[in-house]
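Please look over the structure below before reading on. The report then goes through selected parts of the fold.

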Amino acid sequence: MAIITEEIDENPPSKPTRKTPKPTHQTPKPPPTSTSPNPFSFWFYFTLSVSLATFLFSSLPSFSPQDPKSWFLSLPTNLRHHYSKGRIIKVQTDAHHPPFEVFTLQEGAKASENVVIVHGLGSSSYAFRNVIQFLGSRGVHAVGVDLPGSGFSDKSVLVEETGDGGVLGRFSEVYSLIQEKGFFWAFDHLVETGQMPYEEIQIQVSKRKSVKVLELGPEDMGRVLGQVIDSLRLAPVHLVLHDSALGIYANWVSENPGVVRSVTLVDTMPGASALPLWPLGVPVVREVVLGFEFVFARLLNLCCVRKIPISDVEAYRVLLKGRDGARAVVGTGKKLNSSFDLQEWGDSEGLKGLPVQVLWSSGWSKEWSEGGRKVADALPRATFITHSGSRWPQEDAADELAENILRFVSSLPKSVRQIEEEPVPEHIQKMLDEAQGGDHHHHHHDHGAHGHAHDHSASYMNAYGLGHGWAS
């Protein structure tokens with residue numbers, strides 16, 4: 001009997017074992033969150049931004065144009081009082097240009113020496129009101145003039161232009177013509193005459209009126225000043241030029257030696273203006289500077305005058321802000337002669353024998369004092385005097401400034417003025433001649449006729465403020 005034995009396999013097949021993972025200390029990842037935008041957050045920030053922008057722009061004063069009456073009624077009391085004491089002069093730079101108005105302020109006896117004060121850019125005759133009053137009380141006829149585009153002088157003018165205003169401009173003009181004459185006006189004209197009114201359409205459309213800011217250069221400014229002096233019968237005058245006024249009127253002074261008796265320069269640097277013009281030329285910056293009183297006051301303190309009442313700061317701000325005043329000042333500043341040579345001007349033929357005084361601030365800064373010395377050295381015949389005020393000394397040293405001007409004018413020989421009678425208009429003279437020709441009685445009546453003519457002539461001149469008082 002066979003015995004079957006089973007051999008045991010010494011190397012049995014290994015069973016697949018399951019490896020146990022080693023424990024780790026990693027932080028489990030959070031479940032993914034939704035990335036869809038929240039509409040409520042968007043509308044919250046949008047509403048907040050719009051609200052802030054609306055508040056900012058609503059807090060700024062309105063810079064929209066105002067009619068002259070509304071603008072005047074909105075002025076502070078001190079400015080309205082200043083205007084009530086002044087006089088308006090009608091001037092014209094050219095026969096082809098429309099006339100405009102220039103404001104003047106006068107104090108003192110009209111039979112005395114005439115001192116004409118011209119302010120710099122950004123200022124006005126209001127700034128020199130105390131100087132003018134001081135000189136008037138000391139026997140001098142002082143006159144302050146607002147430059148065109150400044151103070152109460154006109155700052156814009158209505159002009160009629162011709163030319164192509166672009167597609168939109170032409171469309172607007174044609175639409176205005178249709179409104180004026182009717183939609184079928186050209187068709188009716190074609191039926192009646194057999195021709196289209198091309199010529200009339202061209203004339204009507206090519207002409208348009210627009211308001212332009214007054215931006216006059218030195219040559220036009222000189223003509224304006226000459227017309228003011230002629231209208232008020234002031235020549236010869238002692239001319240006081242402040243700040244940037246030298247760059248405006250230097251050529252006019254040298255070209256009119258018979259009109260100018262002497263020149264006083266008050267802190268005036270060629271081609272420079274104490275009040276920086278660039279903040280007034282940038283739209284957003286201009287609205288901020290002129291829109292807030294404290295911002296404008298800070299600008300004046302940094303550049304022009306250290307001590308000034310807040311009421312006078314407001315007066316400067318209002319005059320610059322209203323009726324395109326800032327734009328007119330910036331435009332005039334851009335037309336200043338940047339290549340003006342003070343040495344050459346001092347050696348010119350028109351300056352020979354002309355008394356010149358330089359009044360300069362000694363306390364503004366060391367650099368500014370050195371600049372005053374250079375100005376005086378460039379004018380070898382000039383008298384150099386310092387004052388304790390700022391670059392706008394008419395505000396913080398008005399009496400000192402006026403005293404120096406008065407002392408300088410009084411040291412010169414008295415001016416000799418030739419009085420010219422204003423011609424009587426032709427229609428008035430004709431009536432006077434007829435009245436005189438109709439009287440054939442005796443010599444006594446003839447004297448009466450001549451006396452009557454003198455009365456008419458005097459009342460005509462007095463009606464325009466050009467009577468004997470202004471001529472004396």
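What follows covers the sheet, the helices and the aromatic rings.

## Basis of the report

This is a predicted model, in which local features need pLDDT of at least 70 and side-chain atom pairs count only at pLDDT 80 or more, while totals for chains, interfaces and linings use all residues. Residues are numbered from 1 along each chain as its sequence is written, and side-chain values use heavy atoms, with hydrogens and water left out.

## The sheet

Helices (H or I, at least four residues) and strands (E, at least two) are DSSP runs, numbered from the N terminus. Two strands pair if DSSP finds at least two bridges between them. An open sheet of 8 strands, with mixed pairing, has the order β1-β2-β4-β3-β7-β8-β9-β10. At its edges stand β1 (86-91) and β10, each with a single partner strand, so one side of each is left without a neighbour in the sheet. Direction ignored, neighbouring strands are turned by 25° against each other on average.

Strands β1 and β2 run antiparallel and are joined by 6 bridges; Gly86 has Leu105 in β2 as its bridge partner. Strands β7 (residues 237-242) and β8 (residues 260-266) run parallel, also with 6 bridges. His242 stands opposite Val266 in β8.

Buried means under 20% relative accessible area, exposed over 50%, and partly exposed in between (1.4 Å probe, protein chains only).

## Helices

Axes are lines fitted to C-alpha atoms, for helices over the stretch in contact (heavy atoms within 4.5 Å). Angles run from 0 to 180 degrees between N-to-C directions. Helix α3 lies across β1 and β2 (100-107), at about 65° to β1. Helix α8 (residues 218-232) lies across β1, β2, β3 (114-118), β4 and β7, and runs at about 120° to β1.

In helix α12 (residues 293-303) the buried residues are Phe296, Ala297, Leu299 and Leu300. Seen down the axis of α12, they fall within an arc of 160°, taken from the directions from the helix axis to the C-beta atoms, so they line one face of the helix. These buried residues pack against α11 (283-291) and α13. On the other side of α12, Phe294, Arg298 and Leu302 are exposed.

## Aromatic pairs

Rings of Phe, Tyr and Trp (its six-membered ring) pair if their centres lie within 6.5 Å; planes under 30 degrees apart count as stacked, over 60 as edge-to-face and the rest as tilted. By this rule there are 7 aromatic pairs. One of them is the tilted pair of Tyr83 and Phe152, at 5.0 Å centre to centre and 55° between the planes. Tyr83 lies in helix α3 (residues 77-84) and Phe152 in the loop between β4 (141-145) and β5 (156-162), so the pair ties together parts 69 residues apart in sequence. Tyr83 is partly exposed at 31% relative accessibility, while Phe152 is buried at 6%.

Tyr316 and Trp392 also form a tilted pair, with centres 5.1 Å apart and planes at 40°. Tyr316 lies in helix α13 (residues 310-321) and Trp392 in the loop between β10 (382-387) and α17 (393-396), so this pair ties together parts 76 residues apart in sequence. Tyr316 is buried at 2% relative accessible area, and Trp392 is buried at 0%.
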